[in-house]
Structures are given as C-alpha cells and as structure tokens.
Amino acid sequence: MFRIALKGVLARKGRLILTSIAVVLGTAFLSGTSVFTATLNRTFDNLFSDVFKNVNAYVRSTEVVDTDFGFQERQRIETSLVDVVAEVPGVDAAAANLQAFARIVGKDGKPLGNEGNGPPTFGSSVVDSKADIWQMSQGRFPEGMNEVALDEASAEAGKFVLGDTVKVITAVGSQEFTLVGIANYGDVRSPGGATFALWDVDTASSLLAKPGLIDAVIVVGDGTMTDEELTAQIQAALPTGKNLETITGAQITKETQDDIKTALSFFGILLTIFAFIGLGVGSFVIYNVFSISAAQRQRENALLRAIGASRRQVTLSMLMEALAVGLVGSVLGLLGGIGLSAGLTALLKAIGVDLPSSGLVVGTNTIVQTIIIGLIVTVVSALLPAFRAGRVPPLAAMRDTALDTAGKLRVRLVLGGTPLLGGVALIGAVIGGARTELLGLAILFIFIGALTLGPLVARPVALTLGRPIASLRGVTGRMARQNAARNPKRTSRTAAPVLIGVALVTAVTALAASIQAEIRGVFGEQFTGDFTISSEAQGFGGLSPSLALDVAKIDGVKQATGIGQSVVEVEGKGRFITVINPKTVEGIFDIGLLDDAKVTSLSKSGVLVSEKTAERDNLTNGSTIPAKLSDGTQVDLVVEGVYANDQLAGRYTVSSELFEGTTVSRFDFGVYILKTEGTDSAALRSDLQKLVDSYGSGTLLSKDEYIDKQAAQVNQLLGLIYGLLFLSIIIAIVGIIITLLLSVYERQREIGLLRAVGMTRGQVRSTVRWESVITSLIGAVTGILLGFVLGYVVILSLRDQGITKFELPISSAVTILIVAFVVGVLAAAYPARRATKVDVLAALNTM
Amino acid sequence: MSPLDNQTSSTTLPPPPPPGSNAAAAVVGASKVYGSGDSAVYALNDVSVEFRKGEFTAIMGPSGSGKSTLMHCIAGLDELTSGDAYVDGVNLAKLNDKDLTVLRRTKIGFIFQAFNLVPTLTAEENIKLPLLLGNEDGDAEWIARIIETVHLRDRLTHRPSELSGGQQQRVAVARALASRPSIIFADEPTGNLDSTTGTEILTFMRRAVTDLGQTIVMVTHDPVAAAYADRILFLADGKVVDEMREPTAAKVLDHLKSLGN
Ligand SMILES: Nc1ncnc2c1ncn2[C@@H]1O[C@H](COP(=O)(O)OP(=O)(O)O)[C@@H](O)[C@H]1O
Ligand SMILES: [Mg+2]
C-alpha cells in the first residue's frame, strides 16, 4: 500500500506541486521570521561583544527604575569616581560613559535621523582613553564647551567636514559647536544606525545630565588579574553608601545583549503572530486542496476498495501523500523563508537601520521547527479528507464523478450554529456586565461557527453575488455563477482565507476608526488653545522646557504651557507620569479635575490622579504616595485632586516644580499655546515658526492640525494591519489559483464540450475569471460582516479604557471589496489560461 | 503547370475542385496521419466525400476505421494532414481558431454519445447554448417548434441531473437544431440508450431531416439505427469502402456480413 501511495504521489506531480505550494506559503513566513530574528540577535550580539571586547569592568549605580514598557532609567554617578577607579591597582585605564538624547541638526536645518520611528539619536561623552569605546578616525577628541565630534555615519549623512559648525539639540536647548573630530564606535561607523554627537565629559554632563554626573565608568585592566579579581578590587575601593556596583566586562556585554533582545522580542513576537496567522490561513488552503483531490479520486479510491483495499489502507495512502507533500513543502518553505529574511534585512537597510552584516543565521532549531510544524499542519489538514476518502463505498467506483454537497444539513447547522449562537450569547452577556475576558472566547466561537456554516451559506451567497455578473455577462456570467455555487464546500473553503484576512483587517480598521473618533472628541474638548508645538520623540527626548517660556514671550501669545513626561517608581514599579506647569496650564489644557479641585493650586510635591487610579488604590485628597524619581530622589506625593479622563494625562500628573533641584533630565512632549484675542493667526504662526526653527526641533501645528495628527497616530496600527492584509491576500490568491486549477482539471470534459459547441477561448477565460471573482467576493463580504462584529466586540472590551464610540469603517469596506475583486481577477489569470488550453478532442474522447 | 511542380507535389492530379453548391459539407482528398515513418497510422487515407443538404447520412465501420476522425475533421475540431474540408462552401483550412469556433457555433450542430449537456445550465439554457454564446436571440418560433418536436416543454427549467438519459439526449438533439445549422454531426447518439429511447431519438433525427430540412451525419454501429438514414458510408482502414442508399436493417446486416468475409 505504501508503494501505491508513493506511486500515486509521483504520478501526479502537478497536484503534488500545487499542494506543496500551500505548505510552502505557510512555512516560509515561519522560517523567515525565525531566521530574521536569529540574524538580528546575532548581529547585535556580535556588535556588543565587539564593542565591549576590551572592557574588563564596569562601575555604575545600583539604583534603577524599570517601567511597564521595558524602559529603564538608572541613576547617574559622580564623575569624580573615574579618578578613584583609575587609581585602583590592576586598572590600566578608566573612562566616563554617558549617553542621552541629543539630536544633530543638518545643514538644511532639519534634524538628522527619523524622529519617532527609526534608530534613536544620542549624545555621548568621549575621552581619549583606551577605556573609551569611541575612537577618532579623523581629527581629534573634542575639548571644552564649543567642540563636538560626530559618528562617521552621521558626519557623512549630514555632509559635515572638520571645521564645520554643527547645531545639536539637547535637553538644555540647541547650541552650535565646531566639528573637530569624526569617530568610530568599536569597529563600526555608528551602532545600529543611531546618530551620535560627542563631547568631552564635562560638556556632555552639563548638556545631557547635570554637571558632575555620568552614567558609568568603563575600566580596562592591565592584565595582571582576572576580570573577577579586578572587579572585586574596584568595588572595594569605591566609597560606600552611594549605591555603587562593579560588574565584569562579560556581564555588561551580556546585559546589553539581553536588553537589545528584549527590545527586539516585541518585533519578533509580532512577526511570529503574523507567521502563525499565515500558517493558520494556509492550512485552510491545504485542507481544501486535499479535499478536492480526495473528491477527484473518489472513483479511484472506490476501485481500490472494490478490489479489496481496506478503509485504513485508503486513508493511510492519503496520509502518506500528505506526509510527502508536507515534507517537500516544508523544505521549500524553509528555503523560501531564508530568502524572505534576506529581503527583510535589505528592507531594514533601506530604511536606515545599517547593521554590520554577520550573514543570515539559519539555526538547527529553525530547520527542525519549520519542518516539524509544516509536517504537522499538512497531515492534520489532510486528516479529515483522508478519513472521508476511506469511507468511500466501493460502489462509488461505478458512479459518476465527484459530487459534493454540503453534507448533512441538520448536522452542520447544529455544529456551526451552536458555537455561533454561543458566541453571540457571550457578547450579550458581556454587554450585560459579564467579564470582558469572555469576549476572546466569543470571537473564537463566532469564527468556528462562521467557518462551519460556510458551506451552507456559500451557495445562496454565491448565487446572490453572482446575479449582477450573470445578468451583465450573459451565459458566461451565468455559468460562472453556477460554477461558484456548484461545490459549496469547495467554494467556502476557498473563500475562507479571504474571509479570515478581511475579518481581521475590518475589525482592526473599525477599532482604529473608533479610537480616532475618540481622540478627536477628547482633544477637541480638552485643548482650548490655538497652536501646539509637538515633539515626535515619544518617551525619549523631546522639547527643551525652555521652549514654552520663550514662546510665552512672543507678542500675540496670551499664554503658553509645556507638558512633559517622566518616570517615577511607585511601589517598586516604574510609572509614566505627566508633568505640567500648574501656573500656565489653566485655560489651555483642561485635564478635567473633578469636584472643585484647581489645577493652579497643585503644589511642588502634590499629585493629581486619575479617577480609576484613585478607585483602585483607594486614594482621596490628602493621601500620600511614596515615590522615587529616576535620579533616586525619594518624595512623598500628596494627592491634591482627581481627574476623570486618563487618556491624555495617564495615572499621575505632577508639577514641573517637583523636579527642581533633582538631576532628572526633563523634556516636554508638547507646548500648548493660546493667542491673545484679535491677534492675526498667520503672523503669529510665522513668529512661532521662527522660534521653533531656532530650536531646531518640534513641529508647529494649529489646533485642527494637531488633532488630525493625534488621530493619525492610530494609522501606524493600520500600517501593521495592511501587512496582515497583504499576507492574507497572497495566501488567498494562491488558494484560489489552486482551487481553480483543480476545478478546471475536473471540468475538462465540460470545457471541451463548450468549446465544441462554439464557446470561444475568451469566453472560457471569462467564465473562470468571474467564478474567481465571485469566490473572492464571498470571502470579502462575509469577512467584512464578521469583521464588523469582531471590531464591535473589541471596542466593547475596551469600554473600560474609555473607548465608547463605534465607527463603521465603510470606506475601508469598499476598498476591501475592490481589492477582493482585483484579487479574483488576478487569481483567475493562470487557471483561465489553462482552461483555454484544454484539448477539445482529448476531452471529447474521454466521453 | 511546370514539370518541376509535378515532381515536388505528392500527387500528379490537379487540386480537386470545391464541392458543389448543394453540399452542406465535404472533404476532398482528405488524409489524417498519426505519427510518422514506419509507425505512421492513416486514420483517414485520401477520402473524398460529400454530404448533401437535407440528407441523413450514416457512417459505419469497424472500430478504429476513422469514423470519428472524419467527423472531427469536417466539424473543425481537428485538422487534416492533407486535403481540404468544407462546410457551407468554406474551406476550414483558411480559418483560425476564433473563426472555427464561430463556425461551429453557427453552422454546425453536435450530438455526442454522452455528457452532452452543461450540468450547471437548465435544459432551456442548454438548448439555446450556441445562441447564448453568440449573444443571439435566435428564431423563437423555430426553437419553440423544436422543443415541441422533442417533447421537452415541461422540462425546460430542469437541470441535466434531473433528466433521464433519454431526455438528456433529446435536449442534445434540440440544441443541435437550435441555431438551424448547416450540418449536424452525431457520434453514436444512441450508444448509451436502451432501444426504446434510442428509437425515439432516431425518430426525432429523422423528422429533423424530413420535416425540417436539416442535414445530419451520424456515426453508428447499430444496423437498425443506420437504417434511419438516407445513405450509409462504410469505412475501413481510413477509406470509404462502400456506400448504400435507401438502407434497411436487413440490407445493412447482410452487407456487414459480406464485409466480414
Ligand atoms: N490522437 C491520436 N493519436 C494516434 N492515433 C490516433 C489518435 N486518434 C485516433 N488515432 C488512430 O486513428 C485511427 C482512427 O481512429 P478513430 O477515428 O477514432 O476511429 P473510429 O472512430 O472509427 O473508432 C485509429 O487507428 C486510432 O488508433
Ligand atoms: Mg469513434
């Protein structure tokens, strides 16, 4: 029997290839993701082991604040420690290390690098020492308040040469420096595409931190002792009671590498989710292909049964074929994935993430994982068709070709209807107050229900959607419509990838549209000013706090206030905290304080909390919250007010005064401006723009533009979704192509007959094309409906987050329908050509 | 004609003239060769034959004698290796695929042994298929008359799977007649039917010729079926070996026996 199966596989290479393509698609994304992530990790591993290769020890503070999003702020240490460490026996050289936000302004006045998305921009200290990672490739080390050096990649990008004047934006505003040196970071021109402005240690301290403070001390030993011994020696020499620690070069290397991996893991997880969605959708295609091929082989299998093969043998031979297909497909998918990952790496390079290439990393686990998952998915997808093939009665050998019906109507109705109704009931329960988590289950139920009911609705939906085509395209349209409806199971399985992709995309688009509507509402209500200056650098760097003060001085500005963000540790956990200036915020930005609390009376150690935080932590006016600022300063924050809406201000809001006298570097993410009544907006705008230009950072926007832009941020989410859409489009196209090819093969006789009685090649093509379009539209229409439900459910689950509006993304739905139409046309191209090539005589002779 | 031409052409005869004006279809000097050299098979070997308008011709001959090949070549479904095929005075060799398709749709009707119908279309759509494909309305009165003749009025909305074998074959006959073609080709149209139903179909075909003035060429193995025709052509080894006019089943049987000897 095994030999029969093998022969069967080899005899039908065409089918083997078609089925394999489905597997290839699913596994290629998986292996591509795996290779890409491994390559990226290896690249950064190499980079940092290279960078720290001469470092034997590393001295830093033990005080660190971690936040929700993987941000980490470590307390700074005193510069004088460099000299202390340098004196320790066994130390050859010690150098300060200090790194923070800074942005180089290009000669055209535009900052280098891509603000917001793209590699970060840094300023750093540099010193002529064996212990410093930076080394000059041109010129000399900068000295004093007026000199700067740049990393080689930035110098080249900005076309700077030694002696040029370079403007750099830092926490304390923007300043001009003379370029005296161009530097390399270890062996690379700039690490990971980030930009660097380099100053001597004292200048860096005053620009990036506070005078006299640095991040850490980098130590190079003289080789007389091991790193561990050296580390112990240094630790012993450090002043006590200052929360200092010394770690080895190996430890700091490992830590940095791990940090990068954590930062990248989000990316990897995202890609993996995509890959698994691809695999899931692809498995529908595999299932479909096996079902069709089982149906087409019904007669053959029946003959085998008639001459004495057992059910098991027929089923096993099908599974054996699946195994072969899975193996071939997975291996090809693995190769395809390697190509895909090479493409991704090239893409990264194209958007400016220039990484030292270390070659693609194809790990054994990638290979094993891809092939095993590919095999499992294929065999599992083939299980049902294989068992069905085994159940073929020997009598079917005498019967006509494959007939597929939607199976037992009642059974399917129950199997599909139950989860569907269950899902709807769960949604109802959640609306009625049940736990939000149940919505996940509801979504799953609804999807299972929809896919099970697919074959039942495929026929009526195909006939309905095909009606306009039938009436417009004459008999070819009529035949296309009937063809799409004649195998409801096949049609619904073919449309399933389209359905899943479209449903996901529609849901997320609905979510995005709703969030946007919400944002518009909230910003429109709370921001009562006329202009804003905003920074794109979310969470890292931003506008200098002096900008708001300078804006206020401009003629025609009635009031201006800066709002920023910082991190504090509350109960051992880092929290983002909104920083306002209570004296100027009133009248421009209403954070919505409840009762009669006044924002203007917010004191230096006062805090305003959101209503939700107050409820959760049982806070009332006068409660104290022990907190630690990111430089280690301990404060007891006193609750002085509660606000309703936490979408803008988050959990906690404090006064900028809180940071006075600390070493926390602070930025504003926005400056909000109210003009004096009667001032000409255009003139004021040009004055403001001049100021912004002189700072070299920030974007000036009118209120309306600002609100548009806030709403547009959600579009980044959409970008992601379009990736998903693209993925499902490709899989759907391949699925439709395969199904159509098999259908054309199956209907050769019919096509031959039609050609004989006078159907032209063009008409044959048109029939296949319209069938394809109808199938694709079935997926799109049902997917959009399902997506609306899904989107509604997601928004329902976010009602606690304050999202209450539900917007139907009608225009996106229209776009999706158009895309589905095009997908149908594209997918039909090859099968339609094949259909016109059907040999009429050969087809007639088989009659 | 120069002596040189005489040497290079395979036959020294001048090209045969096109068929007469009362021929619905004809082949002249038709040969169809499969393979080449020693293994060459002559499916048709220099056949010249005319099918006159309003005549019912049966083609008989042992399996492999070239009956289907002859039909396919006249019907524009296959190409002759040499010689010419004419339908309605048009030389098929001069037509491209598109023109041939249109010719089949407008000038030729087909009745096959089985699987004549498109399963997704209703009986009425199947009948009108050549017209629908050509985006034509056709002659409504004519079509009504055909449907009446083959007794299908109450089956028009049914699909092929809902029709019996005999009914399906009647639909096929009606389709072949619908566009009032110049000639109808039937390849063993009763081969799959029991004798009563077969008789019914043959009666319809006979009436199409006698009452409606159609031209039919039918391949058959059955002497009883062949007896419905006006004349019978006997094929063997790719050649027309005999012809019989005004056949009866008994005459045909006798003749077949004599051929067998
Ligand atoms: N495609 C083909 N390739 C090779 N030989 C063929 C082909 N089609 C038909 N023949 C041969 O041509 C001869 C005539 O075939 P056919 O016209 O089908 O005979 P009939 O219909 O009388 O049974 C047979 O010997 C057959 O084997
Ligand atoms: Mg034959």
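**Around ligand 1**

The largest share of the shell around ligand 1 comes from α2(B), which gives three residues; helices here are DSSP runs of H or I with at least four residues, strands are runs of E with at least two, and both are numbered from the N terminus. This is a predicted model, in which local features need pLDDT of at least 70 and side-chain atom pairs count only at pLDDT 80 or more, while totals for chains, interfaces and linings use all residues. Residues are numbered from 1 along each chain as its sequence is written, chains are lettered from A and ligands numbered from 1 in the order in which they are written, and side-chain values use heavy atoms, leaving out hydrogens and water.

Residues count as near the ligand if one of their heavy atoms lies within 4 Å of it. Among those around ligand 1 are B:Tyr34, B:Val41, B:Pro62 and B:Gly66.

Where does the protein make polar contacts, meaning pairs of N or O atoms within 3.5 Å? An oxygen atom of ligand 1 lies 2.8 Å from a side-chain N or O atom of B:Ser68, and an oxygen atom of the ligand is 2.9 Å from a polar backbone atom of B:Lys67. Elements giving two or more residues to the shell are β2 (41-52) and α2 (67-74) of chain B.

Now turn to chain A. The axes of helix α11 (residues 409-431) and helix α22 (residues 761-797) of chain A, lines fitted to C-alpha atoms over the stretch in contact, come within 11 Å and cross at roughly 30°. With angles from 0 to 180 degrees between N-to-C directions and those under 35 degrees counted as roughly parallel, α11(A) and α22(A) are therefore roughly parallel to each other.

Terms used. A polar contact is a pair of N or O atoms within 3.5 Å; within protein, one must be able to donate a hydrogen and the other to accept it, and residues adjacent in sequence count only if both atoms are side-chain atoms. Angles under 35 degrees count as roughly parallel, over 145 as roughly antiparallel, 65 to 115 as roughly perpendicular and the rest as oblique.
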